Amino acid sequence: MKLTKPMKNTALKNLILALLLIFTGSFMPLVAQTTVRGRVIDSKNNQTLPGTTVSVKGTYKAALTDIDGNYKIDVSSSKEILVFKFVGFKTQEIEVGNKTNIDIALAQEDINLEEIVVMGYSQKKRSEIASAVSIVTAEKMADVTTPNVANMLQGKVAGVEIVNSSGAPGQEAEVRIRGIASVSAPQGPLYVVDGIIGGNYDANDVETITVLKDAGATGMYGSQANGGVIIITTKKGKSQATQFEFKATLGQRVADQGHLTMMSGSELYDAQKELYRDYASGKIDILKFYSERPRELRTRNFNWEGKMFQPALVQNYYLSARKANDKSSYYIGGSFFDEGGTLINTGYKKLNLHANHTNQFSDKIRLDNNFNISAYDGTSYDYMDMYYSYLSLPWDNPYDSSGNPLFVDGTSTSWWSRDKINPLHTIKNSNHEYKGFDVNYDLVFDYKITNWLSFSSSNRLSASITKSHDFVSKLAAGTYYGKGYISESSGLDYGGISTELLKFNFDGKIHSFSGLVGFEGQQDHFESLGAEGKGLPEGFSVPAVASKELLIHGYKDASYMQSFISQFNYNYKSKYFFTGSYRIDATSAFPPKNRNAHFPSVSAAWLISNEGFLKDLKIVDLLKLRTSYGITGMKDIGAYKYMGLFSLSTQYNSDAAAVPYQLASPNLTWEKTEQFNIGFDLGLFNRITFNLDFYRNITRDLLIQVAQPLSVGFEKKWENVGRVNNNGLELTLSTILVKSSDFQWTFDITYGNNSNRLKGIDTPIYQTLNGISQIYRNDGELYVFNLPKWLGVDVQTGAPLWEHLEKDAGGNVTSRTPTSKYAEATSQEVGHALPKFQGGFNTFLKYKGISLSMNFSYMYGNDVYNFTRKFMDNDGHEPYYNLMEWKDGWSRWKAPGDVATHPSIQKSALSTENSSRYLEDGSYLKLRNITLRYEIPANIVKKLKLQQLAVIFSGDNLLTFTNYWGQDPEVTITPSTYVMPGVSDFKYPPNKQYVFTLEVKF
């Protein structure tokens, strides 16, 4: 055996050792340490305060008090200062001196003006904030089991509209901050994770969320901040001793069909007798009915809903470890989320690993490393499977004698449902999978140049891979019967962002200045490749074996942006605050002459409660006036919108050939929003906080596809046209109704209203989907339905009635008359998809170790187009579709004089065509969550050598109060190719969820 010689290169060995120390951390004390011990209690009732953070000021060294309120922490100097922090109590600082035992009694304080709030590029004390900002801690978000942070925010932040338009596993909620500011551009907020734009994370790793709503706060993000900014701060190391946390959640999800109940076999049988009613005599031809609908059908009752939608398992497991000292800190957390779908053969799984590590090399140099790796795998569904889940007749048995799903096609004579499709057979012979992998690495370097000047470099590299697989076997009836279908596509998205900042801070007793200036560069690359085809041999589901209609597709895209960033903050005697920022963005998304845009913003605040004339007014804890003005923008319009494009989608002489695809728009420019905000914050009796904000936002140069003359050869062209005005009011009220040593009761409420108006639209623009139309016009609102107006049923004839309008040359209505002819009905504005106001309210009660929380959300004043009623409530037009059960008060016309909601089937021609008939009030109140938590007594936990042990039971989406007669009034507010805001189609139903959680800290 040959032995290798030991390495003699000492320098190389030292370098390797140094790198290991950097990336794994060294927690060995480098100087002599003194251990300080003590106990922390509540000064009001002498109760211990377990979980209090005890830290050494200016370092990362920290400890947490145990169940008995005891702590111990190492200090390296008698001049070091210990900082004691606990939520709801005043922070205290004590110099160590020669003491080795320090007991502390913390005083209660429910408004913490010294709390540090992460604002993205900088941090500020809560008292210094002059903008509209909302902060939500992890404790307030822990009441919902979901991997999506947006779901956790629902009803908890004023002015933030969050919509769960689908109950599909892994589906993310739609988020809108302060209304809709654009017609075509994306409207979601910008996400900033750990101070860097973009990023990935898991909900279990989140420490706090800060929502920036006005330009005074979002202006620093310039062209990316039209939809507001959500800043996510992940957990970091805290305690000097390693702290572990484990959570296991297990529960069940059940599809919530709301008011939508499909008829049973007997109900449908009886309802179909109306098809055989003679209009003249008013009698039912029962003999003809029995001849065409055998009586034994009444006894058939297959429950399609019960078979297609079944209870599903949901589980979530989370384990983390964290530690800190004066030289370094680390946090590592892993989670696994498994969400079964209530529609059969659907589901979603996600695995996430998050880690961060901080090294304080000296008083001047700090290095942060952050990793986040996630992988997910899901199974989706085909729209038609959802469609047939509701419309298939209960008279059909989908199983053969062996219990296998039955094959059905157009030749089947015993199958009653219209389209001769058995969705259970289709689902068995198809697959709709998707998967992805995502990795982010952050490197943050801070260098303290002087006591007042520092340099910061924040960098992130990110990459993600996605893949989708859609397969339908040749055995499945329908479009692909006998040939099958396969489609696979993959995507690669990678890029990076780097922010280099010089920061300064002069902290004086009277005047304080701080600010920053720097540069930011971003780039993103996306590649897509896919193939599809038909003619698949049975047993194969890969594109390579397809023999017919082969198609290969793919593209590459790249975007770049460079930015100049600056901010200046001024504070006078901690009473008057001023912030100004200025950002310049340059992006490749616009033509060269319009690539640069400027985004200034200013904000100011007066902390009146710090004035001498209010110091002695004990009832006022906080009184602050705020105002801001600024400009934000929208750059995410998609690549190449300004260019004239050709599509290489055809052939000429067997060679690739191009056809015109898009007209050039050489003058295309940025959408920009001018934002004005004024607000105030009030705190009373150390029990009540009240926040009010009024805002006015004006978005100019809207990006819209404008109709072109026929001579141009294109129907539409991208142009900047008009503007939209958004005005709104936001209110937040937080109260502590009762607070004693054993009992606590809090109540919070949020409210936000928003109104919008379009201006500068010379020619009305119509958006149409499935015959449903919405109109954008001058002085109109966004997402307004433009449909024939339904007037009901003619009392004498039983025919449907719509409204016919006569107009003069100026377009003014001169007369309104009813008509039974749909062709004569006049389309007009009949409803709007956006609410008049929305919000939520939450309450929390705690008695000793038992707590109960409830979270409600509400929305009022929006209309929902119930598109499914066209099929489920069809006046006999579709006799081989199942029907929905009727709402109380609905009736069908049978004889002259009847006042009915539904026309005579014999006189119902075109009654189900699109009109305001199916436009319903979408207002609702929902019990989003109720959580019961029991913390195991401290003496038992201590015997188990744990820090905390709790069992939790919670329920999500338990109750919905609404007049909407359908599945769910919560529908999409995001337009796309196949979706229109405010329209409820055959969607994946929301889910009621019941879960049990075990939470352990040790």
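Is arginine 869 buried or exposed? At 5% relative accessibility, arginine 869 counts as buried; the term means under 20% relative accessible area, with exposed over 50% and partly exposed in between (1.4 Å probe, protein chains only). This is a predicted model, in which local features need pLDDT of at least 70 and side-chain atom pairs count only at pLDDT 80 or more, while totals for chains, interfaces and linings use all residues. Residues are numbered from 1 along each chain as its sequence is written, and side-chain values use heavy atoms, with hydrogens and water left out.

**Salt bridges**

- A salt bridge here is a side-chain nitrogen of Lys or Arg within 4 Å of a carboxyl oxygen of Asp or Glu. By this rule the count comes to 39.
- Side chains of opposite charge can pair when their charged atoms come close.
- Arginine 869 pairs with aspartate 873 in a salt bridge, the closest N and O atoms being 2.9 Å apart. Aspartate 873 is buried too, with a relative accessible area of 2%.
- Shared partners join several salt bridges into one network of Lys926, Arg928, Asp968, Glu970 and Lys987.
- Aspartate 442 and arginine 460 meet through their side chains in a salt bridge of 2.7 Å, N to O. This pair links distant parts of the chain: aspartate 442 is in strand S22 and arginine 460 in strand S23, 18 residues apart. Strands (E, at least two residues) and helices (H or I, at least four) are DSSP runs, numbered from the N terminus. Aspartate 442 and arginine 460 are both buried.
- Glutamate 520 forms a salt bridge with arginine 583, at 2.9 Å from N to O. Glutamate 520 lies in strand S25 (residues 511-534) and arginine 583 in strand S27 (residues 576-587), so the pair ties together parts that are 63 residues apart in sequence. Glutamate 520 counts as buried at 1% relative accessibility. Arginine 583 counts as buried at 0%.

**Aromatic pairs**

- The whole structure holds 52 aromatic pairs. Rings of Phe, Tyr and Trp (its six-membered ring) pair if their centres lie within 6.5 Å; planes under 30 degrees apart count as stacked, over 60 as edge-to-face and the rest as tilted.
- Tyrosine 387 and phenylalanine 871 have ring centres 5.6 Å apart and planes at 75 degrees, so the pair is edge-to-face. The pair links distant parts of the chain, with tyrosine 387 in helix H8 (residues 383-391) and phenylalanine 871 in helix H11 (residues 869-872), 484 residues apart. Both residues are buried.
- Phenylalanine 871 also pairs edge-to-face with phenylalanine 867, at 5.5 Å centre to centre and 80 degrees between the planes. Phenylalanine 867 is buried, as is phenylalanine 871.
- One aromatic cluster takes in Phe309, Tyr383, Tyr387, Tyr388, Tyr390, Phe867, Phe871, Tyr881 and Phe986.

**Charges over rings**

- Lysine 907 has its charged end over the ring of tyrosine 279, 5.1 Å from the ring centre. The rule asks for NZ of Lys or CZ of Arg within 6 Å of the ring centre and within 35 degrees of the ring normal.
- Arginine 917 lies over the face of tryptophan 790, 4.8 Å from the ring centre.

**Nonpolar surface**

- A nonpolar surface patch of about 840 Å² is made by Trp452, Phe506, Phe513, Phe568, Phe578, Val602, Tyr629, Phe676, Ile678 and Phe694.
- Patches are made of residues with over 30% relative accessible area and no salt bridge; like charges are joined within 9 Å, nonpolar side chains (Val, Leu, Ile, Met, Phe, Trp, Tyr) within 5 Å. Areas come from the Shrake-Rupley method with a 1.4 Å probe, and for residues only the protein chains shown count as cover.
- Tryptophan 452 sits in the loop between strand S22 (430-448) and strand S23 (453-472). At 38% relative accessibility, tryptophan 452 counts as partly exposed.

**Strands and distances**

- Strands S30 (residues 645-652) and S31 (residues 655-662) run antiparallel and are joined by 6 bridges; two strands pair if DSSP finds at least two bridges between them. Phenylalanine 646 stands opposite proline 660 in S31.
- S30 and S31 form a hairpin with 2 residues between them. Asparagine 653 in the turn has a positive phi of about 55 degrees.
- Glycine 630 belongs to strand S29 (residues 620-634) and is buried at 0% relative accessible area. The C-alpha atoms of glycine 630 and valine 602 are 6.2 Å apart, with 28 residues separating the two along the chain.
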